[in-house]
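Here is a short briefing to read alongside the coordinates. Take a moment with the view below, and then we will walk through it topic by topic.

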Amino acid sequence: MLILQMELEILGSGTSHGVPVIGCDCAVCTSRDPRDNRMRASAVIRHTDGRTILIDAGPEFRIQALRSHISRLDAVLITHSHADHIHGIDDLRIFSHKTDMPIYADAVCLNDIHDRFSYVFSESQEGGGKPHLKLCEVIHGQAIQIAGTDVLPVLVFHGGLPITGWRIGDTAYITDCSEIPDASVSQLRGIKNLIIDAIRERPHSTHFNFSQALEQIERIGPERAWFTHITHDFSHTGIQEWLQIHAPGKKIEPAWDGLIIPVHE
Ligand SMILES: [Zn+2]
Ligand SMILES: [Zn+2]
Ligand SMILES: [Zn+2]
């Protein structure tokens, strides 16, 4: 069996405001630990042969792409249409000069993208730079090949909103989530790496908090897990300490911008 090596890099591990929060002078927002700088949640998957797949294109996509030296993009997977996950879509134009950039998402999300970026899909004068996008619908639970990679879109709930978690090989990326149906847990069986929404310690109506994220990690059973979509309530080291108390001996960590996780198909 041919095992292709890939890697997933966390481009952003922050909640919708990002950390630091504008105007906030709390200990986390003023921290000198670079891991306490959390851009809006996003990730990139790179094959050793150069193929590159982005998950979500948030408002900081341009900065993230520059910082992580993204010079090629083959496809974009979108979890859902909230602003912190799609408002960088215009900056995909640099990657879509020659061919349309395929955007994979569920039907509701694609519809929202079409509305939000209506100028992309309407006739306009020559010279007005805009991205060239090809909207590609995925069905939850049905595996597809994207840029030569087997990808499984998995149904999860973000409050009452059905959205998409993504499984790529032995790794799953599940952000903005407050419920995972049993059928989706079955589809995640056998993963080694899980990146999961864990917004803060206090409860939240549309996101797992730390304890709920731990329950889901237990339920899914990956070898390693990372919290993402994190607020400024806790510093990176503060979450590490919290985990030492609440999940001793488990391979669970807060994600940070720049974290690289090896992925196998
Ligand atoms: Zn979000
Ligand atoms: Zn703060
Ligand atoms: Zn959201």
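The 4 donor atoms around the zinc ion (ligand 1) subtend angles of 92 to 164°, which makes the arrangement irregular. For four donors, the label tetrahedral requires all angles between 85 and 135 degrees; square planar, like octahedral for six donors, requires opposite donors over 155 degrees apart and all others between 65 and 115, and anything else is irregular. This is a predicted model, in which local features need pLDDT of at least 70 and side-chain atom pairs count only at pLDDT 80 or more, while totals for chains, interfaces and linings use all residues. Residues are numbered from 1 along each chain as its sequence is written, chains are lettered from A and ligands numbered from 1 in the order in which they are written, and side-chain values use heavy atoms, with hydrogens and water left out.

**Zinc ion (ligand 1)**

- The protein donors here are Asp84 (OD), His85 (NE2), Asp176 (OD) and His229 (NE2), at 2.1 to 2.2 Å from the zinc ion (ligand 1); donors are N, O and S atoms within 2.8 Å of the metal (3.2 Å for Na, K and Ca), and sites may look incomplete, as water is not among the atoms.
- Along the chain, the donors of the zinc ion (ligand 1) are spaced D-H-x90-D-x52-H.
- Asp176 bridges this ion and the zinc ion (ligand 3), with 3.5 Å between the two.
- Asp84 in helix 2 and Asp176 in the loop between strand 10 and helix 4 are 92 residues apart, and the pair links distant parts of the chain; helices (H or I, at least four residues) and strands (E, at least two) are DSSP runs, numbered from the N terminus.
- Asp84 counts as buried at 7% relative accessibility, and Asp176 counts as buried at 1%; buried means under 20% relative accessible area, exposed over 50%, and partly exposed in between, with a 1.4 Å probe and protein chains only.

- His80 sits in the loop between strand 4 (75–77) and helix 2 (83–86), and Asp176 in the loop between strand 10 (171–174) and helix 4 (182–188), so the pair ties together parts that are 96 residues apart in sequence.
- Both His80 and Asp176 are buried.

**Zinc ion (ligand 2)**

- Cys24 (SG), Cys26 (SG), Cys29 (SG) and His232 (ND1) coordinate the zinc ion (ligand 2) at 2.1 to 2.3 Å.
- The arrangement around the zinc ion (ligand 2) is tetrahedral because its 4 donor atoms subtend angles of 105 to 115°.
- For reference, the ideal angle for four tetrahedral donors is 109.5 degrees.
- The sequence spacing of the donor residues of the zinc ion (ligand 2) is C-x1-C-x2-C-x202-H.
- Cys26 is partly exposed at 22% relative accessible area, whereas Cys29 is buried at 9%.

- Strand 9 (residues 161–168) is mostly covered, with 6 of its 8 residues buried.
- Strand 8 (residues 149–158) runs antiparallel to strand 9, and 8 bridges join them; two strands pair if DSSP finds at least two bridges between them.
- Leu155 has Thr164 in strand 9 as its bridge partner.
- The hairpin of strand 8 and strand 9 has 2 residues between the strands, and Gly159 in the turn has a positive phi of about 65°.
- Strand 9 also pairs with strand 10 in the antiparallel sense, over 3 bridges, and Ile168 stands opposite Thr171 in strand 10.
- The hairpin of strand 9 and strand 10 has 2 residues between the strands, and Gly169 takes a positive phi near 60°.

**Points along the chain**

- Val108 is found in helix 3 (residues 107–116) and counts as exposed at 52% relative accessibility.
- Val108 and Ala225 are 117 residues apart in sequence and 29 Å apart in space, C-alpha to C-alpha.
- Gly258 lies in the loop between strand 13 (252–254) and strand 14 (260–264) and is partly exposed, with a relative accessible area of 32%.
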